[in-house]
Amino acid sequence: MKLLMSILLGFFLSLPCFAKSDAVEISVSPSSLSSQSGRYYYYNFGNVRLNFSEWADITLRNTGVEPLNIRGVFIMGSGYWAWSNCPNFLVPGQTCLTRVEFRPWYEGYFTGRLRFAFWDDSIYVDLYGWGVRW
């Protein structure tokens, strides 16, 4: 255990610094992600049938020259779930994927928020969708 801790400590101390989250590119599939500014985005799932799911894959890419420290990926809002493979450190050129699922269980409007938390700030993706009965 001490050996593992020594290796990890040596690794962290050998990194010169961490990239600012300005060096991040964000994209979504299957359709486009709209930007409100450099830190705020929004994605509209549209009309989704009750108790059915729609999903979107959001890709985060480090476009900088330094490793990016990702403190966490968080989802908020009823009707929304997320799974992410983003590591704690995203090296230059590396991408990670977060799948967001919208699954309404009642008729009406749903809002949520996906947050990518970094060492110095965060990127937010506001989520919208309607639960409809067909």
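Strand 9 (residues 108–118) and strand 10 run antiparallel and are joined by ten bridges, where two strands are said to pair if DSSP finds at least two bridges between them. Within this pairing, arginine 113 has aspartate 126 in strand 10 as its bridge partner, and a hairpin of three residues connects strand 9 to strand 10. The model is predicted, so that local features need pLDDT of at least 70 and side-chain atom pairs count only at pLDDT 80 or more, while totals for chains, interfaces and linings use all residues. Residues are numbered from 1 along each chain as its sequence is written, and side-chain values use heavy atoms, with hydrogens and water left out.

Strand 10 also pairs with strand 3 (residues 40–49), here in the parallel sense and over eight bridges; in this pairing tyrosine 43 stands opposite leucine 127 of strand 10. Nine of the eleven residues of strand 10 (residues 122–132) are buried, so this strand is largely enclosed by the rest of the structure. Buried here means under 20% relative accessible area, exposed means over 50%, and partly exposed covers the range in between (1.4 Å probe, protein chains only).

The protein as a whole has one helix and ten strands, and from the N terminus on its elements run α-β-β-β-β-β-β-β-β-β-β. Helices (H or I, at least four residues) and strands (E, at least two) are DSSP runs, numbered from the N terminus. Of the 134 residues, 38% count as buried. Among the contacts with a separation of 6 or more, 68% are accounted for by residues 24 or more positions apart, a contact being heavy atoms within 4.5 Å. The protein exposes about 7900 Å², of which carbon and sulfur atoms supply 56%; accessible areas come from the Shrake-Rupley method with a 1.4 Å probe, and for residues only the protein chains shown count as cover.

A search of the whole structure finds five salt bridges, each defined as a side-chain nitrogen of Lys or Arg within 4 Å of a carboxyl oxygen of Asp or Glu. The table lists some of them.

| Salt bridge | N to O distance |
|---|---|
| Aspartate 121 and arginine 39 | 3.1 Å |
| Arginine 99 and aspartate 57 | 2.8 Å |
| Arginine 103 and glutamate 101 | 3.1 Å |

The side chains of aspartate 121 and arginine 39 meet in a salt bridge. Aspartate 121 lies in the loop between strand 9 and strand 10 and arginine 39 in the loop between strand 2 (34–35) and strand 3, so the pair ties together parts that are 82 residues apart in sequence. Aspartate 121 is partly exposed at a relative accessible area of 25%, whereas arginine 39 is buried at 17%.

Arginine 99 forms a salt bridge with aspartate 57. This pair links distant parts of the chain, with arginine 99 in strand 8 (residues 95–102) and aspartate 57 in strand 4 (residues 54–62), 42 residues apart. Arginine 99 is partly exposed at 32% relative accessible area, while aspartate 57 counts as buried at 12%. In the salt bridge of arginine 103 with glutamate 101, arginine 103 counts as partly exposed at 31% relative accessibility and glutamate 101 as buried at 11%.

On the surface, Trp81, Trp83, Trp105 and Tyr106 form a nonpolar patch with about 440 Å² of accessible area together. Patches are made of residues with over 30% relative accessible area and no salt bridge, like charges being joined within 9 Å and nonpolar side chains (Val, Leu, Ile, Met, Phe, Trp, Tyr) within 5 Å. Tryptophan 81 is located in strand 6 (residues 80–84) and is partly exposed, with a relative accessible area of 33%.
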